[in-house]
Amino acid sequence: MAQHVDKSAPAVMPFWTGVRPLQHLLPSQGRLVLHAGPPFRDAREMPAAIRNSVLVGILYEGWASSKAEARALLDEGGVQLAPAQDYGVVVPLAGVATPSMYLIEVSDGNRPENKKYSVLNEGMKWCTRLGIFADEMVPHLRWLHQDLGAGLAARFEGSVDLSPILQASLLNGDDGHARTMHASRLLADIIVSWGINDEHSKTFLYGAPAWALNYWMAASALILATQEQAEGSDRIVKVGGNGLRFGLQLASSKTWLVVDAPAIAGNKDPGNEQAEALGTLGDSAVVDFVGLGGQCLDLASLSAQNLQAFLPADYLSRQRRFLCTRLPFLAGRAGITDFSHVMASGTGPLVLLGMIDGAGERGRIGGGVATVDAQLLRTLREWQSETTVV
């Protein structure tokens, strides 16, 4: 199937253009906590892992002084919960964004007014994206945002073209989602060159192999939301999971379309075989829907090897059926999942994801792949976001 190429508008070219706290984007918002994927019906249905992250966010903001107080505030409706993508932000897995947290800003080099944001990657241990609650979480977040984040905002130099970094990383074994080690090192080198070179920051940055993922999430969200496509195409502008439900939004609609979150098929880490993982979770699905992650396994042989037992037989070629636009960001590779092509071909993206313990006790318990195809999307149902955001 031939790819569509729209020549009426310049392609989106993602640039890293700043680091800004969420509250600067939303100055009128009060106690707001953003989460991944579509909205929850109410706070009571949130899985324990995501609830943990919300409680950590409440404590980080100082809205409560103990876990019990934070739980009471949440249960009494004292916190507004909302999908991050509804505010132009993306968060990974069970992660959250709160007003004083710093965000990565990614802008279109051709149309700088178009921007998307992602939370800073929290490293590998004390991370809200893992859905755990521990005493170390809040002190780590304070350092990450009030020290490293504020330092990045103050020392940010010009803008950083993300395309060469992404392309170099793909040529060095990254897939842009499950594996981002090469790009993370390149971005760490840039940050250190700006003078953020104290031992704590350097140790953290060079020890955070997923640091680049949050940049690719913001860049992918920007491409999905603003890239022009061929006339007649159904453009997917938002996509993600909240552990219970998987959802997407089309350009022609203001409503999330949702379905029960598909299970993640993959390898559980030793000792976690009996733990129950949440369903598809996080806003990082935007990466795969742009053409990275599960659509780059022809380049990322190690990622493919690790997931071989869980991949469909056509994993190297299936993307030709639903990726519809050649993207300069991907060095001319086809990208952007087209809804109508998924429905017509019966084939859709492979989404690479970490498995998060639904009980909120073990954090990441493995890694795998979720398949989004026409059979899944046919069960999508309308969900009026204005009546379900809590």
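Mentor: Start with an open sheet of 3 strands in the order E3-E2-E5, with mixed pairing. Strands (E, at least two residues) and helices (H or I, at least four) are DSSP runs, numbered from the N terminus. Two strands pair if DSSP finds at least two bridges between them.

Trainee: Which strands stand at the edges there?
Mentor: Strand E3 (80-83) and E5 do. Each has a single partner strand, so one side of each is left without a neighbour in the sheet.

Trainee: How many bridges join E2 to E5?
Mentor: Strand E2 (residues 32-35) and E5 are joined by 2 bridges and run antiparallel. Leu-34 stands opposite Ala-97 in E5.

Trainee: Before I go on, what kind of model is it?
Mentor: It is a predicted model: local features need pLDDT of at least 70, side-chain atom pairs count only at pLDDT 80 or more, and totals for chains, interfaces and linings use all residues. Residues are numbered from 1 along each chain as its sequence is written, and side-chain values use heavy atoms, with hydrogens and water left out.

Trainee: OK. Where is Thr-98 found?
Mentor: In the loop between strand E5 (96-97) and strand E6 (102-108).

Trainee: Is Thr-98 buried or exposed?
Mentor: Thr-98 counts as buried, because its relative accessibility is 0%. Buried means under 20% relative accessible area, exposed over 50%, partly exposed in between (1.4 Å probe, protein chains only). Thr-98 and Val-119 are 21 residues apart in sequence, and 9.4 Å apart in space, C-alpha to C-alpha.

Trainee: New topic. How many residues of strand E9 are buried?
Mentor: 7 of its 7 residues, in the stretch 236-242.

Trainee: And what does E9 pair with?
Mentor: Strand E10 (residues 245-250), in the antiparallel sense over 5 bridges. Val-239 stands opposite Leu-248 in E10. E9 and E10 form a hairpin with 2 residues between them, and Gly-243 in the turn has a positive phi of about 90°. E9 also pairs with strand E13 (residues 281-282), antiparallel over 2 bridges. There, Gly-241 stands opposite Gly-282.

Trainee: Now the pocket. How much space lies in the largest pocket?
Mentor: About 730 Å³. On a 1 Å grid over the protein atoms alone, a pocket is an open set of points where a 1.4 Å probe fits, with protein on both sides within 12 Å along at least five of seven lines; lining residues have an atom within 4 Å of a point. The volume is the space filled by probe spheres set on the points, which are joined across faces, edges and corners.

Trainee: Which residues lie nearest its centre?
Mentor: His-177, Ala-178, Arg-179, Gly-354 and Arg-364, out of 29 lining residues. Strands E12 (265-268), E16 (350-356) and E17 (364-371), and helix H10 (301-307), each supply at least two residues of the lining.

Trainee: How are those strands arranged?
Mentor: They form an open antiparallel sheet in the order E12-E17-E16. E12 and E16 stand at the edges, each with a single partner strand, so one side of each has no neighbour in the sheet. E12 and E17 are joined by 4 bridges, with Asn-267 opposite Gly-367 in E17.

Trainee: Last one: how many disulfides?
Mentor: The count is 0, where a disulfide is a pair of cysteine sulfur atoms within 2.5 Å.
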